[in-house]
Amino acid sequence: MEGTENLMCQSGDSFNPWVTSSFQVSCILVTSHIFHILLKPLGQPGPFAQLLSGVVVGPTLLTRISEVKDFFIQASSAEYYMFFSFLCRMLFMFSIGLETDIPYLKHNFRVVSIVAGGGLFLSIIFAGPLLWLLIRVFRVVEHRLTFYLLIFTVLANSASPVVLRMMAETKSDTTDLGRLAIYASLLNEMFCVVIVSTVTACSSSRHFKTAMLVTFVTVTVIFLNKYLSLFFNKRNRHNRFVTNSEIFIIMFLLTSASTFLENTGFTSITCCFLVGLTFPRECKTYRTLLHKLTYAVNTFILPVYFGYAGFQFNISSVFNKFTVVLATIIIVLCAGTRIAGTLATCYYLKIPRNESLILSLLLNMKGNYDLILINTPPVPKLWEGDIHDLFVSVVILNTLIIAPVVAIWLNRDECFSHHPTTLEILNQESELRVLACVYIPRHVSGHISLISALSGCRNVPIKPFLVHLVGLPKKRESKLMYHQLEDGDQYSDEEDYGGNDVVEISDTLDPFIFETKILVHQSKIVSSLLTIDQDVCECAKDLLVSIIFLPFHKYQRIDGKMENSMEEIRTINHKVIRDAPCSVGIFIDRGQTGFQQPHGSPTVQNIATFFFGGPDDREALACSKRMLTHSQVNLTVFRFIQTITRQNSWINNASQKDEEVIMAISTAGAENEIDNAFVDTFYNRFVSQGKASLVEKHVSNVAETLAALREILDEMYSLVIVGKGGRRNCPLTTGLSDWEECPELGSVGDLLASAEMNMNGSLLVIQRHRHSETNENFIAP
């Protein structure tokens, strides 16, 4: 009995440290959520509220009460707090590695590394004079090199978890600036870890051997995870996720390796990040890890970690003889070196001035590796008392000062309102972000084919998102309380929404991801069919996509005829086309006779694009240019040109007033100039180099247009791309709308989708973003 008491409550502890530590974690969680609720309307993100909650619970306020202090701070409580901090750090660094956008990092590594290293050079310089000052003040005699490394880390380090959560909470993590800030801070932190670890390893032969062993352990865990992931994927071939026991094996390996690294004196954050970064992105194991970790990390782990960082801050330690002056000097040096270095690199990279300033402030965030180095120095008891309190105060105060300022700036929409909402204004070498919407598994294969065609060029990144739209049935819309649901009701767990369709969609998508290494980000929207269009538009806005792909409400039967599957899809398509924050494409899939996935296909996919003129047709041609980069795609553009005389000119209407005629001529002339410039650019870049074909069809009326279309469709084209609107009042298409069955496809698209044309290939009808006409005069090269 006595042995059990000693195990649970060590000598000098008035209470069980497990109980006090758990209660402290609970207090930090509750307080951080309260602060988050209060500060979120003011635009303040989670990390600021969580740091503030730790300050409130800690010695600054709540723990100043003697009873609370005696309960929270035991003789051995520091060991338990460090253990909680280690677990949190291990999990969120592994999670950050899993979520890292590797294609973006590869494509922009030069820019990211330059920005990340912007403050390192100045930090190396200014750490010297600061070292001299602190040595005189605190009378540091031994291990001055290690002390210099601490000063350098505090000046140069950027806390990647803080920056990541700041970006995510302000919905800026999908913007170019947000991703640059996230990966620059991550790379900066890894630079600091590598520099400190390298100097420590080279300081003695023992440390060097330990560093080699640490490297070997990290590489071993990476390879083990690779083969375990493939093995678990095969075992769960017909499931959406792998089992909990299999996830436990992976986490046990990670925890064991991290514990070993921490015991050797090296931090485990690099190992955890690299294991997550190199984890195979294909299929079920990766999906399960993201599913399990994302919610836990964002809701529990990071609030506890940031809260514990704030808990270490004691405001009373600031108000002694030298600390106020020294803390001010160090904070000013931190801001000065980081801001000056980042602004200089941004000027070199020609990043706009307002974005440069935001970036420099974001990269000045502290509170991860610097705190680890402060709390666990390479040499035990190297800095205690005043030195420890000084640097903890600097790190926490620096973040508490900068975070509110940056959050207010990030919440200004005009900072990120310039992202491309159309393919026409998107540069050909820029990243393409697409959102494909599916309702049932039958829709997935066609959208995969589009994603495959658009991702043809390895040097041009693509970020595809596939969202499964699940409409709530009417019985769900009746407002039942939780306790009123029957046992086993499928709606009591959100994961059951979509039934077996979820598994079938994953099974269709997984082979494509495995074969092409193109990571398609899956998600699910569960909403009423009356409002699901709003969720789609909001999703597209948050993800900053340039085009949304929607399925057609009809599907092709075995006999080749089109049959209506869900009338609700047609209504939703109408609403999305009307309210979408970007361009929209409706895809009519013809199954086996239609467009097939170009990746791995033995045959070349022939694509035809019809160009009548106007914004929608230019957008269709811009989409075709993206597909043209695929080696298995052969593109032919058919431009329809009107052969007219003055008598039958479509702008010559005797019933109109002279002013209206002049306006029509002016509008038509301007539109025609834009069309000509766009087609000329396409011709010079692709047709003249033999990469595509351009055929001009000279027609004068609707009848000749129909004849030309039938002639073209007699050839074998697996996909036809056309704009929805075409040019307004164009006589080449005027009259086709009289028998329109599906107005959302436009007059030409509706004709091509009808049974009258007997078309075997798939059809993609594109509408350009209607609010982007102000940018029409800018045409991407």
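Thr270 lies in helix α14, which covers residues 269–277. In this predicted model, Thr270 counts as buried because its relative accessibility is 19%, and the cut-off for a buried residue is under 20%. Beyond its neighbours within four places in sequence, Thr270 is in contact with Met190 and Val193.

**Overall make-up**

- The protein has 781 residues, of which 55% are buried.
- Its secondary structure comprises 28 helices and 12 strands.
- Of the contacts in the protein with a separation of 6 or more, 81% are between residues 24 or more positions apart.

**Confidence of the prediction**

- The average pLDDT of the protein is 83, and 86% of the residues reach a score of at least 70.
- Among the elements, strand β4 (residues 547–551) has the highest mean pLDDT, at 95, whereas helix α1 (residues 2–8) has the lowest, at 39.
- The pLDDT is below 50 over residues 1–9, a stretch with six contacts in the model beyond near neighbours in sequence.
- Residues 476–494 also have a pLDDT under 50, and the model gives them 13 contacts beyond four places in sequence.
- Where pLDDT is low, the predicted coordinates should not be read in detail.

- Leaving aside neighbours within four places in sequence, Gly178 is in contact with Met167 and Ser172.
- Helix α25 (residues 615–628) is largely enclosed by the rest of the structure, because 14 of its 14 residues are buried.
- At 1.5 Å a residue, the 14 residues of α25 should span 20 Å, and this agrees with the 20 Å between the C-alpha atoms at its ends.

**The largest cavity**

- Rolling a probe the size of a water molecule over the atoms shows where empty space is left.
- Seven cavities of 30 Å³ or more are found in a search of the whole structure, and the largest cavity has a volume of about 90 Å³.
- The residues that line the largest cavity include Met82, Ser85, Arg89, Tyr305, Tyr308 and Asn375.
- At least two lining residues of the largest cavity come from each of α5 (77–99), α15 (283–311) and α18 (369–375).
- By class, the lining of the largest cavity consists of six nonpolar residues, four polar residues and one charged residue.

**The second largest pocket**

- The second largest pocket holds about 1,300 Å³ of space.
- Its lining has 45 residues, and those closest to the centre of the pocket are Met82, Ile374, Asn375, Thr376 and Pro377.
- Helix α5 gives the most to the lining of the second largest pocket, with eight residues.
- Other helices that each supply at least two residues to the lining of this pocket include α11 (176–202), α12 (205–235), α13 (244–263) and α19 (386–410).
- The lining of the second largest pocket divides into 21 nonpolar, 17 polar and seven charged residues.

How values were computed: Residues are numbered from 1 along each chain as its sequence is written. This is a predicted model: local features need pLDDT of at least 70, side-chain atom pairs count only at pLDDT 80 or more; totals for chains, interfaces and linings use all residues. Side-chain values use heavy atoms; hydrogens and water are left out. On a 1 Å grid over the protein atoms alone, a cavity is a set of points where a 1.4 Å probe fits but cannot get out, and a pocket is an open set with protein on both sides within 12 Å along at least five of seven lines; lining residues have an atom within 4 Å of a point. Grid points are joined across faces, edges and corners, and a volume is the space filled by probe spheres set on the points. Helices (H or I, at least four residues) and strands (E, at least two) are DSSP runs, numbered from the N terminus. Ala, Val, Leu, Ile, Met, Phe, Trp, Tyr, Cys and Pro count as nonpolar, Asp, Glu, Lys and Arg as charged, and the others, Gly among them, as polar. pLDDT is the predictor's confidence in each residue, from 0 to 100. Contact means heavy atoms within 4.5 Å. The expected span of a helix is 1.5 Å times one less than its number of residues. Buried means under 20% relative accessible area, exposed over 50%, partly exposed in between (1.4 Å probe, protein chains only).
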